[in-house]
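Colleague: I'm new to this one, could you walk me through it?

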Amino acid sequence: MSTGTNARVALVTGSGTRVGRVIAMALAEAGYGLLVHYASSEEGAREVVEAAQARGLPAEAVRANLLERDEIGRLAAEARRFGGGRLDLLVHNAANFERVPPEKLDEGSWDRAMALNATAPYLLTLALAPELRAARGCVVGLGCVSAERPWKNFLPYSTSKAALVHALKGLALALAPEVRVNVVSPGMVQPPDAYDEGLLERLQAKIPLARLGTAEDVAQAVLFFAQNQFVTGQVLAVDGGRSLA
């Protein structure tokens, strides 16, 4: 499906569920045609597509395993086809969030985190750089506050997010002035379902704004970077002030 020459086009990875889904829906509300990437959440991706199409916007869902480099290339090709050679916004949301206690760290957990959280966004950005340059577009990566202060049981995840931040800052320099590249780094946003009420209360007590974050908070930050034409190479913590502690 072609979006037409005047439509803004966005690709959001991992947008069939959780934070990625909310980001994609917010972009649809802002008038973006959507290429909705998913790995396993097909039903959620289809629902996002239907919601965007109900607004009269072009939207498609595409499955790709971003742990595989040829799949990254295929996703880039799908984005070029969908946008007719145009891409205004690329949001790197897909991520591995694997809890690995230090005594169980292994090569596999490290490789999975680095491949999905850092390498895939880097390679996908490079693959779509011509389209982003032509549109004077924007790239937004979803980092994490743990990139600066590693979480004990999420060392591969935290390290891979630090690598993502560094890579995207480098790409901000490499792709300027045509393309802006920034990072949104959430704090405690949509915690895992396994977290009990007691743990959530203890976490909330450490946040100056006295609440947990929402996916909508993150989506608003993505929209800010998408809209502001004079910001690049920046990291915005969306953490309620927790990183001040």
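Predicted model: local features only at pLDDT ≥ 70, side-chain atom pairs only at ≥ 80, totals over all residues.

Colleague: Which residues line it?

Modeller: The lining of the largest cavity is made up of Thr13, Leu66, His92, Asn93 and Ala94, together with Leu116, Ala120, Pro121 and Leu124. Helix α4, which spans residues 107-127, gives the largest share of that lining, with four residues.

Colleague: What's the lining like by class?

Modeller: Six of the residues lining the largest cavity are nonpolar and three are polar, while no charged residues take part in the lining.

Colleague: Switching topic, how many disulfides does the search find?

Modeller: The search of the whole structure finds zero disulfides. Cys138 is in none, and the nearest cysteine sulfur to that of Cys138 belongs to Cys144, 20 Å away. Likewise, Cys144 is in no disulfide, the sulfur of Cys138 being the nearest cysteine sulfur at 20 Å.

Colleague: Remind me, what is a disulfide anyway?

Modeller: In general terms, a disulfide is a covalent bond that joins the sulfur atoms of two cysteines.

Colleague: Then is Cys138 buried or exposed, and what about Cys144?

Modeller: Cys138 is buried, as its relative accessible area is 1%, and Cys144 also counts as buried, with a relative accessibility of 3%.

Technical notes
Residues numbered from 1 in each chain as written. Heavy atoms only, no water. 1 Å grid on protein atoms, 1.4 Å probe; cavity = no way out; pocket = protein on both sides within 12 Å on 5 of 7 lines; lining within 4 Å. Helix = DSSP H or I, 4+ residues; strand = E, 2+ residues; numbered from the N terminus. Nonpolar A, V, L, I, M, F, W, Y, C, P; charged D, E, K, R; others polar. Disulfide = S-S within 2.5 Å. Buried < 20%, exposed > 50% of the residue type's maximum accessible area, 1.4 Å probe, protein only.
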